[in-house]
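Dear colleague,

I am handing over the structure below for your records. Please read the notes after it alongside the sequence.

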Amino acid sequence: MRIFSGIQPTGRKHIGNYIGAIRGYLEGQERADPAIYCIVDLHATSVAYDPEALPGYVLDTTAMLLAAGLDPGRCILFRQSDVREHTELTWLLCSVTPCGDLQRMHQFKDKSEREQELVRTSLFLYPVLQAADILLYRSDEVPVGDDQRQHIELAREIARRFNSTYGEVLVEPKHVIPEVGARIMDLQDPSTKMSTSYGTDAGLIYIDDEPDDIRRKLARAETDSGREVVRGPDKPGISNLIEVMSVTRGAAPEDIEREFEGEGYGTFKNAVAEDVVGLLAPVRERYRELRPDEDGLERMLAEGAERARAIATPMLAEVRDVMGIGPKGAASPAVQRRG
Ligand code: AQP
């Protein structure tokens with residue numbers, strides 16, 4: 001069983017990324033054969049970005065994933081642009097991707113409205129590149145946060161349409177979205193998801209935030225009217241914090257509501273802050289140790305790319321072959337199709 005997931009090198013990662021996705025990566029490396037994780041630097045170019053900073057952001061994200069517990073001995077961790085097969089497969093998959101499907105993507109609609117200068121074609125094609133990332137490895141499962149649900153459904157649809165057009169070559173992946181913590185909301189505006197691109201510093205808890213910053217941000221987190229620690233549609237701020245604590249304690253949200261009955265928001269927010277500090281402190285410390293070794297991180301990514309290529313190259317050859325691209329029968333006969 002293969003697991004694949006990608007993460008953007010957006011510099012510092014936040015607790016939403018950690019709870020919604022990185023926890024799933026850690027669980028995945030224990031049971032997949034192999035678990036494949038990719039720092040998607042090509043995706044990062046689909047909105048305005050800083051080319052000078054991007055290589056460093058890739059290393060930030062790599063060190064952060066290692067600090068969180070990814071182990072290159074138990075998974076494949078690599079940089080997307082090091083495996084050129086991703087971009088070629090993107091183009092080939094465009095031949096079975098209707099424009100109308102891409103126009104319906106929520107992320108495209110949201111981000112294209114916010115881009116000030118240029119809505120890039122790469123933002124439109126973002127879900128096709130994501131489908132290529134996943135399908136290139138014949139991935140069975142894709143651990144992601146809730147915001148990626150629509151993109152993974154599109155990847156499944158692309159795989160189905162490809163297989164019915166050219167023959168059974170691609171595997172339809174399924175998303176693995178956590179039951180609790182799949183959409184952590186912004187602390188200042190709990191009606192929107194916590195987001196690197198569009199959030200403010202006060203609305204996000206970064207994985208490498210200092211403990212006092214975490215305490216301050218949670219103390220100032222937007223709460224709702226009333227003082228009951230219970231979930232509800234009129235209580236998005238408190239519901240969000242209950243969700244966070246539910247993950248830090250591995251407890252059901254109802255148990256947390258029961259524990260904090262009659263306590264009020266202040267006591268509850270302090271308790272959430274101490275839990276989050278406890279969860280993130282070891283990751284932050286390990287990150288500080290790992291991040292300075294840039295040569296070591298680059299070496300590890302290069303080794304990961306070599307292992308990824310060993311899967312991607314024959315797979316792409318097979319796709320080219322069934323699509324009639326290049327000389328006939330160029331795919332290695334050793335490549336076995338999965339039915
Ligand atoms: N708020 C969130 N709650 C739960 N899961 C989340 N993810 C992202 N935000 C939340 C999941 O994290 C993984 C990596 O996401 P990404 O590659 O999009 O990284 P990012 O750009 O740093 O994430 P942002 O901040 O959410 O991005 P923007 O600002 O682009 O909207 C994915 O599995 C995602 O579901």
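Predicted model: local features only at pLDDT ≥ 70, side-chain atom pairs only at ≥ 80, totals over all residues.

Residues are numbered from 1 along each chain as its sequence is written, and side-chain values use heavy atoms, with hydrogens and water left out.

**The two domains**

The domain assignment, which is automatic or from a database, gives domain 1 (3-176 + 293-338) and domain 2 (201-290). Their contact (heavy atoms within 4.5 Å) takes 16 residues from domain 1 and 14 residues from domain 2. The C-alpha centres of the two domains are 31 Å apart. Between them about 1500 Å² is buried, 73% of it from carbon and sulfur atoms; this area is the accessible area (1.4 Å probe) that two parts lose on being put together, summed over both. Arg12, Ile15 and Met64 supply 40% of the area that domain 1 buries against domain 2, more than any other three residues.

Two salt bridges are found across this interface, a salt bridge being a side-chain nitrogen of Lys or Arg within 4 Å of a carboxyl oxygen of Asp or Glu. On the side of domain 1 that touches domain 2, the elements giving two or more residues are α1 and α3. Helices (H or I, at least four residues) and strands (E, at least two) are DSSP runs, numbered from the N terminus. The largest share of that side, six residues, comes from α3.

**Salt bridges**

The structure holds 33 salt bridges. In one of them, the side chains of Arg31 and Glu141 meet at 2.7 Å, N to O. This pair links distant parts of the chain, with Arg31 in helix α1 and Glu141 in strand β4 (residues 141-143), 110 residues apart. Glu141 counts as buried because its relative accessibility is 10%, whereas Arg31, at 37%, is partly exposed. Here buried means under 20% relative accessible area, exposed over 50%, and partly exposed in between (1.4 Å probe, protein chains only).

Asp213 and Arg216 form another salt bridge (2.8 Å, N to O); both lie in helix α9, three residues apart, about one turn of the helix. An α-helix has 3.6 residues a turn, so residues three or four places apart point the same way.

**Helix α10**

The 14 residues of helix α10 (residues 236-249) should span 20 Å at 1.5 Å a residue, and its end C-alpha atoms are 20 Å apart, which agrees; the expected span is 1.5 Å times one less than the number of residues. Ten of the 14 residues are buried, among them Gly237, Ile238 and Leu241. The cover over these buried residues includes α1 (15-31), α9 (211-219), α11 (253-259) and α12 (265-290). Just after α10, Gly250 takes a positive phi of about 60 degrees.

**Two buried loop residues**

Asp208 lies in the loop between β5 (174-176) and α9, and is buried at 12% relative accessible area. Its side chain makes a polar contact with the side chain of Arg12 (3.0 Å). A polar contact is a pair of N or O atoms within 3.5 Å; within protein, one must be able to donate a hydrogen and the other to accept it, and residues adjacent in sequence count only if both atoms are side-chain atoms.

Ser46 is in the loop between α2 (41-44) and α3 (54-68). Ser46 counts as buried because its relative accessibility is 4%.

With kind regards
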